[in-house]
Amino acid sequence: MAVARIDLKALRFNLDRIRELAPGMRVMAVVKADGYGHGLERVARALAAADAFGVAAIADGLRLRAAGHHNRIVVLSGPDSAADLSEMHRLRLEAVIHHPQQLIWLQEDRGTPQLRVWLKIDTGMHRLGFPPERAQSVYRQLQAMSSVHPEIVVCTHFAASDEFNNPLTRQQIETFTQVTGGWSGEQSLANSAAFLGWPEARKGWLRIGGLLYGLTVAAGHTGEEYGFRPAMRLHTRLLAVNQIGKGERIGYAASWVCPENMPVGVAAIGYGDGYPRAAPSGTPVRVAGVEVPLIGRVSMDLITLDLRAVPDARIGDEVLLWGPELPVERIAEQVGSIAYELTCGVTRRVLAVENGR
Ligand SMILES: *Cc1c(COP(=O)(O)O)cnc(C)c1O
């Protein structure tokens with residue numbers, strides 16, 4: 001059976017490292033998508049020292065409150081109905097406000113206690129946010145609303161901060177600074193990539209997801225290179241070791257042909273567990289501590305491995321798909337994706353176990 005071991009100490013270590021690198025700044029631990037696939041409740045428990053949690057949906061805020069967390073919780077996508085607002089008051093969730101429709105709901109909102117809001121400005125990503133030229137008037141409008149808490153955090157999100165040479169990030173920072181120059185409230189710009197690559201974006205509230213899990217999306221890099229520790233170790237066992245003859249074909253579509261008589265391992269994991277079906281032959285996997293190539297198609301429950309580098313591998317040996325010894329960033333690169341998608345994709349069939357407290 002596939003197991004995802006979640007290293008709670010690594011999560012804590014990573015939060016401490018952010019704080020060390022950015023003294024005096026506040027850290028929102030982004031725990032959306034079930035804590036990037038690591039398990040919302042366990043991640044929140046490990047990261048309870050964060051100044052706030054960031055979630056995408058109100059349902060996650062509810063789970064965090066049910067687990068007893070009193071931290072600030074920011075719903076990054078904001079309310080998508082008037083009913084959401086009353087739920088947010090009730091659970092003391094904070095709302096990212098990014099659209100005129102939300103202002104209409106807020107205008108009619110009589111909820112208590114006052115809602116804390118994060119005003120989002122679109123500085124160039126063109127996903128969520130008010131255009132810069134509208135920001136000032138929306139800010140004033142929000143400040144005048146009786147149901148809105150007077151301390152408004154103003155924020156923006158970067159489109160390409162993982163490309164450390166892309167000038168778009170500098171332009172976005174400049175636009176943000178121009179618009180918010182004279183405002184008194186707190187600011188929030190940086191996600192993980194901007195935190196690493198754009199020191200000018202390190203101020204106010206840092207919104208950190210990936211790095212807390214030890215992951216980076218900067219192409220060709222791993223979180224570990226920046227001194228962070230991967231928190232997930234996905235492993236399983238060898239189910240079979242078979243000697244297969246030269247010229248024989250392996251697995252679905254018979255896509256891989258044995259170049260010689262050779263040992264082929266079968267491991268108990270597949271796309272039903274979240275291991276990407278797109279992983280091509282040659283994707284690295286570690287068997288009993290030795291790196292070997294995946295061969296043939298990934299099935300729902302099984303993968304096949306070239307064991308020529310570990311001829312004495314046996315049934316029951318550990319098979320590591322990703323973890324500290326094999327960065328998930330390397331696997332993501334093989335499938336044209338990013339580390340986040342892989343850890344988010346681990347399915348409920350996988351047994352999650354915790355390491356550390
Ligand atoms: C997901 C998200 C983040 C965190 O991004 P990371 O790259 O994981 O650090 C920050 N801000 C917003 C608005 C997000 O949606």
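The expected span of a helix is 1.5 Å times one less than its number of residues. Helices (H or I, at least four residues) and strands (E, at least two) are DSSP runs numbered from the N terminus.

This is a predicted model, in which local features need pLDDT of at least 70 and side-chain atom pairs count only at pLDDT 80 or more, while totals for chains, interfaces and linings use all residues. Residues are numbered from 1 along each chain as its sequence is written, and side-chain values use heavy atoms, with hydrogens and water left out.

**Whole chain**

The chain holds 11 helices and 18 strands, and its C-alpha atoms fill a box of roughly 75 × 45 × 40 Å along the principal axes. Of the 357 residues, 52% are buried (under 20% relative accessible area; exposed is over 50%, partly exposed in between; 1.4 Å probe, protein chains only). Contact means heavy atoms within 4.5 Å. Among contacts between residues at least 6 apart in sequence, 65% join residues at least 24 apart.

**Helix 1**

Select residues 8-21. Helix 1 has 14 residues and reaches 20 Å from its first C-alpha to its last, close to the 20 Å expected. Its buried residues are Leu 8, Ala 10, Leu 11, Asn 14, Leu 15 and Ile 18. They cover an arc of only 170° around the axis, which puts them on the same side of helix 1; the arc is that of the directions from the helix axis to the C-beta atoms. The face turned away from the buried side of helix 1 carries the exposed residues Lys 9 and Glu 20.

**Helix 7**

Next select residues 132-143. The 12 residues of helix 7 should span 16 Å, and its end C-alpha atoms are 17 Å apart, which agrees. Ala 135, Val 138, Tyr 139 and Leu 142 are the buried residues of helix 7. They cover an arc of only 110° around the axis, which puts them on the same side of helix 7. Exposed Glu 133 and Arg 140 sit on the face turned away from that buried side. What covers the buried residues includes helix 6 (100-107), strand 6 and helix 8 (168-180).

**Largest pocket**

On a 1 Å grid over the protein atoms alone, a cavity is a set of points where a 1.4 Å probe fits but cannot get out, and a pocket is an open set with protein on both sides within 12 Å along at least five of seven lines; lining residues have an atom within 4 Å of a point. Grid points are joined across faces, edges and corners, and a volume is the space filled by probe spheres set on the points.

The largest pocket has a volume of about 660 Å³. Of its 30 lining residues, select the closest to its centre: Lys 32, Tyr 36, Arg 127, His 157 and Asn 191. Helix 2 (32-36) gives the largest share of the lining, 3 residues.

**Largest cavity**

A search of the whole structure finds 3 cavities of 30 Å³ or more. The largest has a volume of about 50 Å³. Its lining includes Lys 120, Asp 122, Met 125, Arg 127 and His 157.

**Ser 299**

Finish in the loop between strand 15 (290-295) and strand 16 (303-306), where Ser 299 is found. At 17% relative accessibility, Ser 299 counts as buried. Leaving aside neighbours within four places in sequence, Ser 299 is in contact with Tyr 252, Gly 270 and Tyr 271.
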